[in-house]
Amino acid sequence: MKHVLLIVVFFIISTALQAQESLAMLQFSKSLQSYFVDPNFDELKDLALEFKDIAAFKDPANQPGPMGFFYAAFKSVEDTVALRAFINSECAGNELLVKAFTEARSDNNILNINAHDPNLNDFYWGAFFGSGGKEYIERITFELDNMRDRINADLYLAAASAKWSLCLNAQRFALVRQHLQEIKTDAAPSVKREIDSLLTMKPGEIKEEMIKVLKEITDKKQTPAHEEAK
């Protein structure tokens, strides 16, 4: 039942979120989601300073989204001299912000990360909210190719969480819908099918399907071979 529990944690806000720092984290995350509409350096600096003061983000589990956001937002800043001066003077003590700046200035292609994980989806969503870039949505849709996997729970969980988040954000943001329609034209048949599906479903329907499939995969792994052969 490990993966069923994981997905329950993924979707249900725990009682710990009632704590002040956790609420600050949620409010901050909402602020990030509107940045791509009208990005500007002054707002980005304010967000970085606010991020530093939220203790909940010291937990590595809460960092993929902000890391993706600051990576993409820093990468889009044209005045690199002013950005570097800001990082050195105001953010030098924050490991995530320094790392995001360093990666943004490097030649590394973060779209080529060879891994499948819901946390990686969060990273790419953060990068989208930091830039509005279609390439990050396209990388999330890459996971949809594993939606029919009924053997590897990790692959399915990454795919299903991608589908759920794409469905949710396609309903919230016109730019996400636009990107998906453009991506669909050249997508593999399996990915195209899932994009069509998520654009007509509700996030709750995908969540219910995910929990059901993960339970089936887990139960199948726990069934002895001689029982399964009957």
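**Helix packing, core and salt bridges**

Tutor: H7 and H8 are roughly antiparallel to each other, with over 145 degrees being the cut-off for that word. This is a predicted model, where local features need pLDDT of at least 70 and side-chain atom pairs pLDDT 80 or more, while totals for chains, interfaces and linings use all residues. Residues are numbered from 1 along each chain as its sequence is written, and side-chain values use heavy atoms, leaving out hydrogens and water.

Student: At roughly what angle do the axes of H7 and H8 cross?

Tutor: Helices here are DSSP runs (H or I, at least four residues), numbered from the N terminus. Axes are lines fitted to C-alpha atoms over the stretch in contact, with angles from 0 to 180 degrees between N-to-C directions. For H7 (residues 118-129) and H8 (residues 134-141), the axes come within 8 Å and the crossing angle is roughly 160°.

Student: Which residues of H8 do Leu120, Asn121, Tyr124, Trp125, Ala127 and Phe128 in H7 meet?

Tutor: Contact means heavy atoms within 4.5 Å. On the H8 side, the partners of that H7 set are Tyr136, Ile137, Arg139 and Ile140.

Student: Which residues have the most contacts inside the largest nonpolar core?

Tutor: Such a core joins buried (under 20% relative accessible area, 1.4 Å probe, protein chains only) Ala, Val, Leu, Ile, Met, Phe, Trp, Tyr and Cys residues through side-chain atoms within 4.5 Å. The largest one has 66 residues, and those with the most contacts inside it are Phe69, Phe70 and Phe74.

Student: Is Lys184 buried or exposed?

Tutor: Exposed would take over 50%, with partly exposed in between. At a relative accessible area of 18%, Lys184 is buried.

Student: What separates Asp219 and Lys215 along H12?

Tutor: These two also meet in a salt bridge, 2.8 Å from N to O. They sit four residues apart in H12 (residues 203-222), so what separates them is about one helical turn.

Terms used. Salt bridge = Lys/Arg side-chain N within 4 Å of Asp/Glu carboxyl O. Helix = DSSP H or I, 4+ residues; strand = E, 2+ residues; numbered from the N terminus. Parallel < 35°, antiparallel > 145°, perpendicular 65-115°, else oblique.
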